[in-house]
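Student: I have a structure open and would like to learn how to read it. Please take me through some features one at a time.

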Amino acid sequence: MSQGGQELRITHLREEDCGQYICFTTSPSGHRVQRNINIILRSNNWERTLFTAKPYWTEGGEPKDIETSIGASATFYCNASGDPQPELEWYINGVRLKDSQHPTVKSARFLKPDNHNITIINLEESDVMVLQCNASNIFGYVYADFYLNVRGKLNQRNESNKFVLAESSIVLQKQVSIN
């Protein structure tokens with residue numbers, strides 16, 4: 001920034017310097033003015049322009065509710081795009097994942113291999129929760145609430161080829177194979 005704040009100089013311009021710069025000023029009458037400036041780099045071989053965009057869900061990237069059985073696994077996927085690329089933050093029951101004291105989150109059954117996935121293995125009835133994913137950049141955010149519901153496990157009975165859904169009154173009379 002030059003003395004007096006009227007000129008921004010970027011020496012040794014690099015590709016990382018591309019983007020939108022916002023200048024705010026106040027006129028002598030007290031009126032606030034904002035100017036947006038896009039820096040574009042051009043070379044004989046390439047051109048880079050910043051296209052600014054608030055976050056949006058990529059195809060298949062908006063997390064969905066999962067209802068499954070005790071003993072199963074559940075994987076939640078969250079992915080958004082925008083420019084600049086949004087940062088993802090996960091929440092469990094409204095509490096930031098990194099601050100969560102939820103017993104499932106603290107257990108070895110809770111897996112987070114990367115910032116886009118959360119997996120819970122060997123589900124228990126107490127794993128029922130509300131999850132949230134927030135994707136944000138300087139232009140806005142997208143946010144989704146989604147639910148993990150864990151229901152009774154399908155158990156095989158040895159008598160009369162009947163199968164009963166645990167903790168429920170549903171009885172299947174057909175022979176069912178469970179892999």
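The dialogue below goes through the core, a sheet, a disulfide and some single residues.

Tutor: This is a predicted model, in which local features need pLDDT of at least 70 and side-chain atom pairs count only at pLDDT 80 or more, while totals for chains, interfaces and linings use all residues. Residues are numbered from 1 along each chain as its sequence is written, and side-chain values use heavy atoms, with hydrogens and water left out.

Student: Which residues have the most contacts inside the largest nonpolar core?

Tutor: In soluble globular proteins, nonpolar side chains tend to be buried together. A nonpolar core is a set of buried Ala, Val, Leu, Ile, Met, Phe, Trp, Tyr and Cys residues joined through side-chain atoms within 4.5 Å. Buried means under 20% relative accessible area, exposed over 50%, and partly exposed in between (1.4 Å probe, protein chains only). Here the largest core has 24 residues, and Phe 76, Trp 90 and Leu 148 have the most contacts inside it.

Student: Which elements give two or more residues to this core?

Tutor: They are the strands E7 (74-77), E9 (87-92), E12 (117-120), E13 (129-137) and E14 (140-151). The letters come from DSSP runs numbered from the N terminus: H or I for helices of at least four residues, E for strands of at least two. E14 gives the most to the core, with 5 residues.

Student: What is Phe 76 in contact with, leaving aside its neighbours within four places in sequence?

Tutor: Contact means heavy atoms within 4.5 Å. With those neighbours left aside, the partners of Phe 76 include Trp 90, Ile 118, Leu 131 and Leu 148, and also Lys 64 and His 116.

Student: How do I read a sheet, and in what order do the strands E7, E11 and E12 stand?

Tutor: Strands of a sheet pair through backbone hydrogen bonds, either parallel or antiparallel. Two strands count as paired if DSSP finds at least two bridges between them. In this open sheet of 3 strands the order is E7-E12-E11, with antiparallel pairing. E7 and E11 (110-114) are at the edges with a single partner strand each, so one side of each has no neighbour in the sheet. On average, neighbouring strands of this sheet are turned by 20 degrees against each other, direction ignored. For that angle, axes are lines fitted to C-alpha atoms, for helices over the stretch in contact, and angles run from 0 to 180 degrees between N-to-C directions. E7 and E12 pair over 4 bridges, and Phe 76 stands opposite Ile 118 in E12.

Student: How many disulfides does the structure hold?

Tutor: A disulfide is a covalent bond between the sulfur atoms of two cysteines. The cut-off used is a pair of cysteine sulfur atoms within 2.5 Å. The structure holds 1 disulfide; Cys 78 is joined to Cys 133, with an S to S distance of 1.9 Å. Cys 78 is in the loop between E7 and E8 (80-83), and Cys 133 is in E13, 55 residues apart. The torsion about their S-S bond is about -80 degrees, so the disulfide is left-handed. Cys 78 is buried at 0% relative accessible area, and Cys 133 is buried at 0% as well.

Student: Is Asp 127 buried or exposed?

Tutor: Asp 127 is buried, because its relative accessible area is 0%. Asp 127 sits in the loop between E12 and E13.

Student: What does the side chain of Asp 127 make a polar contact with?

Tutor: A polar contact is a pair of N or O atoms within 3.5 Å; within protein, one must be able to donate a hydrogen and the other to accept it, and residues adjacent in sequence count only if both atoms are side-chain atoms. The Asp 127 side chain makes one with the side chain of Thr 104 (2.5 Å), and reaches the backbone nitrogen of Glu 124 at 2.6 Å.

Student: Which peptide bond is cis?

Tutor: Most residues other than glycine have a negative phi, and most peptide bonds are trans. The bond from Asp 83 to Pro 84 is cis, with omega near 10 degrees. Pro 84 lies in the loop between E8 and E9, and the side chain of Asn 137 reaches the backbone oxygen of Pro 84 at 2.8 Å. As for phi, Asn 93 has a positive value of about 50 degrees, and Asn 122 has one near 45 degrees. Asn 93 is partly exposed at 40% relative accessible area, and Asn 122 is partly exposed at 46% relative accessibility.
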